[in-house]
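Here are my notes after a pass through this one. Have the viewer open while you read.

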Amino acid sequence: MARYHIETYGCTSNRGESREIERRLRDAGHHRVEGVEEADVAILNTCTVVEKTERNMLRRAQELTDEIADLYVTGCMALAQGEEFREADVDAEVLHWDEVPEAVTNGECPTPTPDAEPILDGVVGILPIARGCMSNCSYCITKQATGRVESPPVEENVEKARALVHAGATEIRITGQDTGVYGWDTGERKLPELLERICTEIEGDFRVRVGMANPGGIHGIREELAEVFAAHDELYNFLHAPVQSGSDDVLEEMRRQHRVEQYVEIVETFDDHLEEWTLSTDFIVGFPTEDDEDHEMSMALLRETRPEKVNVTRFSKRPGTDAADMKGLGGTLKKERSKEMSAAKREIVGEAYESMVGDERDVLVTEYGTGDSVKCYDSAYRQVIVQNADEYGLEPGDFATVEVTGHQTMYAFGEPL
Ligand code: SF4
């Protein structure tokens, strides 16, 4: 688990978002520390009210990157003027606030707390379907806290999903440490069956987002899974399968349960079944045994599979893990590699959003954004922001058709038709 340092500037909305970031980090077992010296990662939640504040934010970001390996910048300035951080050569990941908790994990899976129950957050229902994972990654400390897979019966999860929809959820987020191994402990992987039953047995207008599934867990069920996605409009065409490296040698040292070829086969299977879908993946950059050639292989894999959502994490040692005993790479080399990968990622993601401009998209409004905006998702779980939501009478839970009018690096802008 990571030790994090967080700084928040600006209005009550920023402070609320930081509180939520902290809640999720705490639930995942991370610890807040006072002082950057003690921390593995830093989070800067920015404000952009006046020019002077902008300059302060840039300066503070620069100071933090000089002191710490990983900096995540979020908040108003990061999202509205993310380019300024890049132009100032600040080596940080610019993220929407709700992407920060996942990015902080050093490649470890999100960890539901013991006996986690479904939560309704506005119109978003969060449904933990199982706990534990079947792997033993050499860099992971989460595993030590959670153990093997424990899967409740499909029927029980379907009932929980039904209860969320009845309580007002229009988006169900299926979560777990590794959703792809749901059922593994019972001798049968049951994610496709669970998704099929949620989509066919629950009445109502809702969407389902499937959370992180490791490639090792879903490779054997990739056909079945892609067929379920293709058959049901309720499922966002979105898959988060963290590959972590493009080199089999590094995957071996990481003790990941997949190889590059299996990851590529999953992507090809989804390409075959779905006209449009979003691949999300994670890369750990600078693992102790990663040489130049391994890094180039990761870059090549990124360019080949073109994921439209990518978490790039610089490797940092977690005490008590096997990888912590390996001789690490230098901080400068890790920074260079992560910068190169983050730049390629921005290009790929930016092109994906650029290609949407001018399209009509059916979207679901999931929450309020900053000012008078709402956050929406299309069928491939690409984020579309609609401004002046009041004027259009849009609120969370609504379905709408929008024309995509522009984009930022990580989201598009749309106008209701
Ligand atoms: S799959 Fe690997 S990284 Fe994820 S929780 Fe299990 S051991 Fe940790």
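1. How close do the axes of helix α12 and helix α13 come, and at what angle do they cross? Keep in mind that this is a predicted model. The axes of α12 (residues 260-273) and α13 (residues 292-305) come within 11 Å, with a crossing angle of roughly 10°. Angles under 35 degrees count as roughly parallel, so α12 and α13 are roughly parallel to each other.

2. Now for the side of that pair where residues meet. From α12 you have Val260, Tyr263, Val264 and Val267, and they meet Leu301, Glu304 and Thr305 of α13. Sorted by class, the residues of this contact come out as five nonpolar, one polar and one charged.

3. On to the ligand, which sits in the largest cavity. There are 13 residues surrounding the ligand, and Cys109, Cys133, Cys137, Cys140 and Gln177 are the closest. The shell splits into five nonpolar, five polar and three charged residues.

4. Last stop, Gly397. You'll find Gly397 in the loop between α15 (389-392) and β16 (399-407). Gly397 and Glu171 are 226 residues apart along the chain, yet their C-alpha atoms are separated by 8.1 Å. Leaving out residues up to four places away in sequence, Gly397 touches Val123, Thr170, Leu364 and Val365.

Key: Residues are numbered from 1 along each chain as its sequence is written. This is a predicted model: local features need pLDDT of at least 70, side-chain atom pairs count only at pLDDT 80 or more; totals for chains, interfaces and linings use all residues. Side-chain values use heavy atoms; hydrogens and water are left out. Axes are lines fitted to C-alpha atoms, for helices over the stretch in contact, and angles run from 0 to 180 degrees between N-to-C directions. Helices (H or I, at least four residues) and strands (E, at least two) are DSSP runs, numbered from the N terminus. Angles under 35 degrees count as roughly parallel, over 145 as roughly antiparallel, 65 to 115 as roughly perpendicular and the rest as oblique. Contact means heavy atoms within 4.5 Å. Ala, Val, Leu, Ile, Met, Phe, Trp, Tyr, Cys and Pro count as nonpolar, Asp, Glu, Lys and Arg as charged, and the others, Gly among them, as polar. A residue is near a molecule or strand if one of its heavy atoms lies within 4 Å of it. On a 1 Å grid over the protein atoms alone, a cavity is a set of points where a 1.4 Å probe fits but cannot get out, and a pocket is an open set with protein on both sides within 12 Å along at least five of seven lines; lining residues have an atom within 4 Å of a point. A molecule sits in a cavity or pocket if more than half of its atoms lie within 2 Å of its grid points.
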